[in-house]
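Good morning, and thank you for joining this group meeting. I would like to take you through one structure, beginning with a single side chain and ending with the packing of helices.

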Amino acid sequence: MARTGAAPDRGRLRAAWTLALLVTLCAELTFTAVAVPEAWLLLPLLLVMYGAGVLVVREAVVRSGAGWPGLVLLGLAYQLAEDGIGLQALTSPRIYGAADWGWRALGANWTYWESQIGVHVVFSVLVPVMLADLLFPDHRDRPYLRTGGLVGVGALAVVGVLGLRVLISGTEDPGYLAPWGWTAGFLAAIAVLAVLALRVAPRLTPPAPAPPGSAPAPPAVGLAAGAATALFLVLLLPLGLGPVTVFGGVLPPPVPPALAAAVALASGLAVLRWRGAPDWGDRHRIWLAGGILVGHTAFMMPGSAVTAALGAVTIVAEVVLLALLARHVARRGSAGTVSGADPYRR
């Protein structure tokens, strides 16, 4: 629901830069960089690759009024662009050893594909956007960028995908080209998802109000989110991105992805139910983000003593920064500042 009155123009560009940095931190630097610290050297590319793409997603959703369904749909499109067309990792039999992580059929790495849907939709889109809304409540339901800026960021997003193809896929899997049929399918799916997000989602009837009830306490939300995140990742990826998955050879290849999908669906439905409760608020959102991020980082820690230490430091940093955010939000509330309605509540 949009708020009445004009929001101050000041701070919108700071909000845009903050979101770009949050996307990079949440998606990669609190995850892959735990096992591969050299990932920090790729920060400029990661800012373009992740930050620009998610900025485009967020701006399109806010301008169209598509709400959280639009974020999810465009997050899926973003994942196809990054992993299917840029990295080509959805089909490559060699890159990252992803073909050996689980179920590969019809020329696609299905286990890897599902893991990246979760990574990109949740860690690249939903969590950073939620944190940016908490930091910049006056801009929650307003564009960060003007039209010219959006066009420029869109061009950067395309450059980011090309950078993935040249700098990552070209070095990690030299000479590989995804089959033209898969590439055409990815492009068609991106177009369909964009239409659904920007044309269909804004016309959806908002769900009926949730029945009276209370959301769990914020710490319970955080613990549940952390456990669900870790379980989802364990079912699909090798711990610490090692050579083999936990369930490799133990369960039939399609079973872990099916179990992970059930975890994701149950978790998503639980959050939708909780956020409809009258007592759901910013503290719940902060604990939700914290649980997801801590579970995300903890998954990377078993690889070695070094990754365990780096992961522990990263988790401490996450907790401290989120605690500071909680204090900032509480102080803003005690000062009588209205944080604004949640534009993604629909």
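Let me begin with a term: a polar contact is a pair of N or O atoms within 3.5 Å, and within protein one of the two must be able to donate a hydrogen and the other to accept it. With that in mind, please find S92, whose side chain reaches the backbone nitrogen of I95 at 3.2 Å. Please keep in mind as well that what you see is a predicted model.

Where does S92 lie? S92 belongs to the loop between α4 and β1, the latter being residues 104–105. Is S92 buried or exposed? Its relative accessible area is 0%, so S92 is buried. If we set aside neighbours within four places in sequence, S92 is in contact with A99, R104, N109, D173 and Y176.

Let me now step back to the whole protein. It contains 11 helices and two strands. Along the sequence, the order of these elements is α-α-α-α-β-β-α-α-α-α-α-α-α. The protein has 346 residues, of which 47% are buried. Considering the contacts with a separation of 6 or more, 80% are between residues 24 or more positions apart.

I turn next to pairs of helices. Helix α1 spans residues 12–29 and helix α5 spans residues 110–135; their axes come within 9 Å of each other and cross at roughly 135°.

A81, E82, I85 and G86 from α4 meet V161, L164, R165 and S169 from α6. By class, the residues of this contact are four nonpolar, two polar and two charged.

Two individual residues remain. T229 is located in helix α8, which covers residues 218–236. Because its relative accessibility is 10%, T229 counts as buried. A polar atom of the T229 side chain lies 2.8 Å from the backbone oxygen of A225. Not counting residues up to four places away in sequence, T229 touches F123, I292, G295 and H296.

Finally, L47 sits in helix α3, residues 43–64. With a relative accessible area of 25%, L47 is partly exposed. Beyond its neighbours within four places in sequence, L47 is in contact with A20, L21, T24 and A52. The C-alpha atom of L47 is 9.7 Å from that of A157, although these two residues are 110 residues apart along the chain.

Thank you for your attention; I welcome your questions.

Definitions and conventions:
Residues are numbered from 1 along each chain as its sequence is written. This is a predicted model: local features need pLDDT of at least 70, side-chain atom pairs count only at pLDDT 80 or more; totals for chains, interfaces and linings use all residues. Side-chain values use heavy atoms; hydrogens and water are left out. Axes are lines fitted to C-alpha atoms, for helices over the stretch in contact, and angles run from 0 to 180 degrees between N-to-C directions. Helices (H or I, at least four residues) and strands (E, at least two) are DSSP runs, numbered from the N terminus. Buried means under 20% relative accessible area, exposed over 50%, partly exposed in between (1.4 Å probe, protein chains only). Contact means heavy atoms within 4.5 Å. Ala, Val, Leu, Ile, Met, Phe, Trp, Tyr, Cys and Pro count as nonpolar, Asp, Glu, Lys and Arg as charged, and the others, Gly among them, as polar.
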